[in-house]
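Take a moment with the sequence and the fold. We will walk through helix packing and then through aromatic rings.

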Amino acid sequence: MKVTILCPRTPRLNYGGLENYTLRLCEKLSQSGHTAQIFTTSPSPQDNYAGKTLIREFPTFAPGDSYYFSAEAYTALQQSDSDIIYSVGYNNLLTLAGLVAKKSWQKFIVSINLSGDPPPFRRALNVFYDMVVNTMAGKIDAVICVSPYELEAFKKRLNVPHEKFHLLPMGIDAEPIKKVKAGKKGNYILSAGRFVKVKQFHNLIPAFAMLAKKMPKIRLLMLGSGPLEGELRRLALESGAGERIDFTPGVPLERISELHKKMKESRLFVNLVDCGYEGIIS
């Protein structure tokens, strides 16, 4: 079986949840004997490989790091002979291109993979986006949701029969974590993920500030990046504990052992997400 996986941003330059999810999916497909390739976009396209998986990068128009329209990717999808087109992430134009390009004999699967609440303007645009997608809803063969929240929300948004919706939580593979050799325990609390509202970092910071008053030497290490980073940095300063809150960029999937090592060496690992995304960072 041949599968083309659509990922809006290239895993070569990005390492958020969508990219990690895509690479893990390709790895599992390859292990099962299937052929997978990734169609993605990049400001500087260059084809590359992740293990045995070909990653085809296409030029994109992506204002504000959003939408990801690529005429070249659409043309390649029209020419594709894949049995399945599997789109990772719903709110992007690469998903729409795959849906339009789908042939009658191909299967189309969309994995919702929300990355957080969009700003008001994009939320308004989603109303029109849903209308366009729903004109082609008959082409969708399956909708994958990683959380009950996604499942309930998109059953209402998409005109897809409910029996085509499937709840498949991310899950956590503990074996790679067990294999990492940790050093001496550090006097810090660790939290990691994309800096978006759904990850609840805005609640973690004031909670840490209260704890910091009782534990004068404890630090908070936040690994990640995202649209709310500036707001979170300001919140850290206003909390009164800003000098003990460290912001550090996340790590790509091939260096995930570095995150695992920091997890094992921390006093406490905090994850406030309760809607299905907790498996991505491990």
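Which residues in H2 meet which residues in H3? Ala73, Tyr74, Leu77 and Gln78 in H2 meet Leu94, Ala97, Gly98, Val100 and Ala101 in H3. To meet here is to be in contact, with heavy atoms within 4.5 Å.

First, some ground rules. This is a predicted model, where local features need pLDDT of at least 70 and side-chain atom pairs count only at pLDDT 80 or more, while totals for chains, interfaces and linings use all residues. Residues are numbered from 1 along each chain as its sequence is written, and side-chain values use heavy atoms, with hydrogens and water left out.

Back to the two helices. Two packed helices are described by the angle between their axes and the distance between the axes. H2 covers residues 71–79 and H3 covers residues 93–101. Helices (H or I, at least four residues) and strands (E, at least two) are DSSP runs, numbered from the N terminus. The axes of H2 and H3 are 9 Å apart, at an angle of about 30°. Axes are lines fitted to C-alpha atoms, for helices over the stretch in contact, and angles run from 0 to 180 degrees between N-to-C directions. H2 and H3 are therefore roughly parallel to each other (angles under 35 degrees count as such). The residues of the contact of H2 with H3 divide into seven nonpolar, two polar and no charged. Ala, Val, Leu, Ile, Met, Phe, Trp, Tyr, Cys and Pro count as nonpolar, Asp, Glu, Lys and Arg as charged, and the others, Gly among them, as polar.

Now the rings. Rings of Phe, Tyr and Trp (its six-membered ring) pair if their centres lie within 6.5 Å; planes under 30 degrees apart count as stacked, over 60 as edge-to-face and the rest as tilted. By this rule the count comes to five aromatic pairs. The rings of Phe39 and Phe58 have centres 5.3 Å apart and planes at 65°, so this pair is edge-to-face. Phe39 sits in strand S2 (residues 35–41) and Phe58 in strand S4 (residues 53–58), so the pair links distant parts of the chain, 19 residues apart. Both Phe39 and Phe58 are buried (under 20% relative accessible area; exposed is over 50%, partly exposed in between, with a 1.4 Å probe and protein chains only).

Phe195 and Phe201 also form an edge-to-face pair, 5.1 Å centre to centre with 90° between the planes. Phe195 is buried, at 0% relative accessible area. Phe201 is buried too, at 2%.

How values were computed:
Angles under 35 degrees count as roughly parallel, over 145 as roughly antiparallel, 65 to 115 as roughly perpendicular and the rest as oblique.
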